[in-house]
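Dear colleague,

I am handing over a structure that I would like you to read alongside this message.

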Amino acid sequence: MNFTGDAISLTSVTKIFQTGVIKRKLAVEDLTFTVPRGEVVGLLGANGSGKSTTIKMILGFLKATRGEILVCGHSAEERMARSFIGYLPENPRFQRFLTAHDVMKYFGKLLGMRGDTLERRIEYLLELVTLKHVTKERVHGFSKGMTQRLALAQALLNQPPLLIFDEPMSGLDPLGRKEIRTLITRIHDEMPESTMFFSTHILADVEQVCSSVILLKQGRLKRQCTLDELLSQSDQRFELLVRNASPSLEKKYLGSAESRMSAGGIQITVQGADALAARLFEIKTDGATVAGVDSQRKSLEDELFGDTSFTPPPGVGLNAEKTT
Ligand SMILES: Nc1ncnc2c1ncn2[C@@H]1O[C@H](COP(=O)(O)OP(=O)(O)O)[C@@H](O)[C@H]1O
Ligand SMILES: [Mg+2]
């Protein structure tokens, strides 16, 4: 299935939901962006920022109130547009009594696939999503991550040139998230021509797999940029957990505002990669150990999701002094 031009293009797209006789909800406003062919593009935004609405309009499930949406050169409202898309819904569900193989066969047949071609495709895809060992097992015993991977395999059945996933990592544990991220990269390596477009509310998900990112805030386009541009503009913060520090190093750290004592050791906040390298050298020289490193892109997260730090009102926090 070939096409020229962008895989997805939105021009001034607005979606207003009629929520009552006179009440209306503006979910997406004047959205213009393109998803170039062959790229892995992330749609990043907080909950309620309009990601699912945008995806449903691209899929033709919802009609835009205003604006134009093209999918592989066809209007999203045409049936033809859908034939280019493999779609992974937010919460895929399958008939409980079917096996992984049954599910694939059922959907393959719906797509008009038959015989050996279908069998070979099923085998290849179940192997790709690392479900080969449970081919004959019923899906009702599958974990959320396995169900998600099966849905991914199903979306790939007829080799669609455009793959669209709505929050493919949502509700998964860290390992499950990692598996999906690895899989997205793997699918793109295997099919470099394919275009992938997926939504997420987690910055780390796009950092690891996307070449460019579309940032949504309250239904509006905040920015579309390459991952490099995005990362170079955001200052990265690291949280280090240090154990077995010598008394002198401990004194030095605990005397600074960026460090505090926690149950696991000394917790230090470091701003930027250079400062991190310097701290790690210092810790190694001291003979102390790094028990954990956590990275955050504070400025970007604040920009997209608002400041989420929570300060309890006076007198009710965990450290509040008892007044009685
Ligand atoms: N069918 C609907 N009717 C009314 N409002 C809706 C409907 N679907 C979504 N919304 C509203 O539109 C906004 C965007 O929702 P959604 O696209 O689901 O966001 P996201 O996927 O980014 O969490 C939200 O405020 C949501 O409540
Ligand atoms: Mg959503």
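The element that gives the most residues to the shell around ligand 1 is α1, with three residues, where helices (H or I, at least four residues) and strands (E, at least two) are DSSP runs numbered from the N terminus. This is a predicted model, in which local features need pLDDT of at least 70 and side-chain atom pairs count only at pLDDT 80 or more, while totals for chains, interfaces and linings use all residues. Residues are numbered from 1 along each chain as its sequence is written, and chains are lettered from A and ligands numbered from 1 in the order in which they are written.

Around ligand 1 you will find Phe17, Thr19, Lys25, Ala27, Gly45, Asn47, Gly48, Ser49, Gly50, Lys51, Ser52 and Thr53; a residue is near a molecule or strand if its C-beta atom, placed from the backbone, lies within 6 Å of it. Two or more residues of this shell come from each of β2 (24-35) and α1 (51-58). By class, the shell has two nonpolar, eight polar and two charged residues, with Ala, Val, Leu, Ile, Met, Phe, Trp, Tyr, Cys and Pro counted as nonpolar, Asp, Glu, Lys and Arg as charged, and the others, Gly among them, as polar.

Next come the sheets, for which two strands are said to pair if DSSP finds at least two bridges between them. Four strands form an open sheet in the order β2-β1-β4-β5, and their pairing is antiparallel. Because β2 and β5 (74-75) stand at the edges with a single partner strand each, one side of each is left without a neighbour in the sheet. Strand β4 (residues 66-71) pairs with β5 in the antiparallel sense over two bridges, and Leu70 stands opposite Ser75 in β5.

Another open sheet has six strands in the order β6-β7-β8-β3-β9-β10, and here the pairing is mixed. Its edges are held by β6 (85-88) and β10 (220-226), each with a single partner strand, so one side of each has no neighbour in the sheet. On average, and with direction ignored, neighbouring strands of this sheet are turned by 15 degrees against each other; axes are lines fitted to C-alpha atoms, for helices over the stretch in contact, and angles run from 0 to 180 degrees between N-to-C directions. Strand β9 (residues 212-217) pairs with β10 in the antiparallel sense over six bridges, and Val213 stands opposite Cys225 in β10.

Helix α5 lies across β6 and β7 (162-165), running at about 170 degrees to β6. Helix α3 (residues 100-110) and helix α5 (residues 144-155) pack at an angle of about 30 degrees, with their axes 10 Å apart. That angle makes α3 roughly parallel to α5, since angles under 35 degrees count as roughly parallel, over 145 as roughly antiparallel, 65 to 115 as roughly perpendicular and the rest as oblique. Ala100, Val103, Met104 and Phe107 in α3 meet Leu150, Ala153 and Gln154 in α5, where two residues are in contact if their C-beta atoms, placed from the backbone, lie within 7 Å. The residues of this contact divide into six nonpolar, one polar and no charged.

Helix α3 also packs against helix α4 (residues 115-128), at an angle of about 130 degrees and with the axes 10 Å apart, which makes α3 oblique to α4. The contact is made by Ala100, His101, Met104, Lys105 and Gly108 of α3 together with Leu118, Arg121, Ile122, Leu125 and Leu126 of α4. By class, this contact has six nonpolar, two polar and two charged residues.

Finally, the axes of α5 and helix α6 (residues 174-190) come within 9 Å and cross at roughly 15 degrees, which makes α5 roughly parallel to α6. Lys144, Gly145, Gln148, Arg149 and Leu152 of α5 make this contact with Gly176, Glu179, Ile180 and Leu183 of α6, and by class it has three nonpolar, three polar and three charged residues.

With best wishes
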